[in-house]
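Subject: Structure handover and findings

Hello,

Here is the structure for your work. My notes on it follow below.

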Amino acid sequence: MSTPTIAFIGAGNMANSIVGGLVEAGHPADHIRAADPYPESLARLQQVAPVTACDSNNAAVAGADVIILAVKPQVMAEVCTGIAASLEANALVISIAAGITINSLQSWLGETTAIVRCMPNTPALLGCGASGLFANEQVSEAQRAHAGQVLAAVGLVSWVPREKDLDAVTALSGSGPAYFFLFMEAMIAAAEAQGLERDTATQLAQQTALGAARMALESDVDLVELRRRVTSPGGTTQAAVESFEAAGLRQVVSTAMQAAADRADEMAREMG
């Protein structure tokens, strides 16, 4: 199978991360192109890998097998209508813009366009992202595999069966890093109130979060069992967990994630 040519429209942080991951995984830089209205953004991307910088979006997509739309949702309609005539008939378009639906993309790019919507998250910048993907009916098995390989270059890939499921993905992994940052902020503040210096509290909180995540990922038991193993009867952890439960932590999380999913749905209507 020949190496696909990948074109990035937009050369921001996420494009930089994906390009870096692709090249590290063995995708040749001379099969990657990029276009961006800001020359300094292209220059930064070329520091990651010697990709081909194009002077227009149309030059980037002409003849490309995979086009990755890495632009802000607010300019997506303009970008898509501008490149529609330059797309190859069998090209795959991957959108990583939040809130832009398949229907909207097809209305701008053409009804027969093969499109994958992707909801990545910011840890992709470190190569440990989590991305939810949905493909329309025009996407072939080979194109689906290409899309998975592209996003796997920056972390975990999970396909969802319904486009609507991307709202839940947004609420879980898309917005999720901020939840953990907030929880760590609260833990650090509480430790300071108990007398620890801020630097010490910060280091311990960050390492604890990392260690807990690694245990969850690498263990052969589920989260309930991992929590049980840390929670000695009548001990300090049990006292804290019971306090969380009494305060309604589970409902707080559920309400917050529903708010995020509802907002994702609202954004789709606003920008479609």
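The structure holds 12 salt bridges. Here a salt bridge is a side-chain nitrogen of Lys or Arg within 4 Å of a carboxyl oxygen of Asp or Glu. Side chains of opposite charge can pair when their charged atoms come close.

First, the ground rules. This is a predicted model, in which local features need pLDDT of at least 70 and side-chain atom pairs count only at pLDDT 80 or more, while totals for chains, interfaces and linings use all residues. Residues are numbered from 1 along each chain as its sequence is written, and side-chain values use heavy atoms, with hydrogens and water left out.

Salt bridges

E163 pairs with R117, and their closest N and O atoms are 2.9 Å apart. E163 sits in the loop between β8 (155-159) and α7, and R117 in strand β6 (residues 114-119), so the pair ties together parts that are 46 residues apart in sequence. Helices (H or I, at least four residues) and strands (E, at least two) are DSSP runs, numbered from the N terminus. R117 counts as buried, at 10% relative accessibility. Buried means under 20% relative accessible area, exposed over 50%, and partly exposed in between (1.4 Å probe, protein chains only).

R162 bridges to D165, with the closest N and O atoms 2.7 Å apart. R162 is exposed at 51% relative accessibility. D165 is buried at 16%.

R263 and E266 also meet in a salt bridge (3.2 Å, N to O). They are 3 residues apart in helix α12, so about one helical turn separates them. R263 is partly exposed at 37%, and E266 is partly exposed at 33%. Salt bridges with shared partners also join K164, D167, D265 and R269 into one network.

Helix packing

Two packed helices are described by the angle between their axes and the distance between the axes. Axes are lines fitted to C-alpha atoms, for helices over the stretch in contact, and angles run from 0 to 180 degrees between N-to-C directions.

Helix α7 (residues 165-174) packs with α12 at an angle of about 130°, their axes 8 Å apart. That makes α7 oblique to α12. Angles under 35 degrees count as roughly parallel, over 145 as roughly antiparallel, 65 to 115 as roughly perpendicular, and the rest as oblique. The crossing of α7 and α12 is right-handed. A crossing is right-handed if the near helix is turned clockwise from the far one by less than a right angle, and left-handed if anticlockwise.

The axes of α8 and helix α9 (residues 198-218) come within 9 Å and cross at roughly 140°. α8 and α9 are therefore oblique to each other. Their crossing is right-handed.

Surface patch

F183, M187, F244, L249 and V253 form a nonpolar surface patch, with about 410 Å² of accessible area together. α8 (176-193) and α12 (249-271) are the elements that give two or more residues to the patch. M187 lies in α8 and is partly exposed, at 38% relative accessible area. Patch residues have over 30% relative accessible area and no salt bridge; like charges are joined within 9 Å, nonpolar side chains (Val, Leu, Ile, Met, Phe, Trp, Tyr) within 5 Å. Areas come from the Shrake-Rupley method with a 1.4 Å probe; for residues, only the protein chains shown count as cover.

Contacts along the chain

S131 lies in strand β7 (residues 129-135) and is buried at 4%. Its C-alpha atom is 7.8 Å from that of G174, 43 residues apart along the chain.

Best wishes
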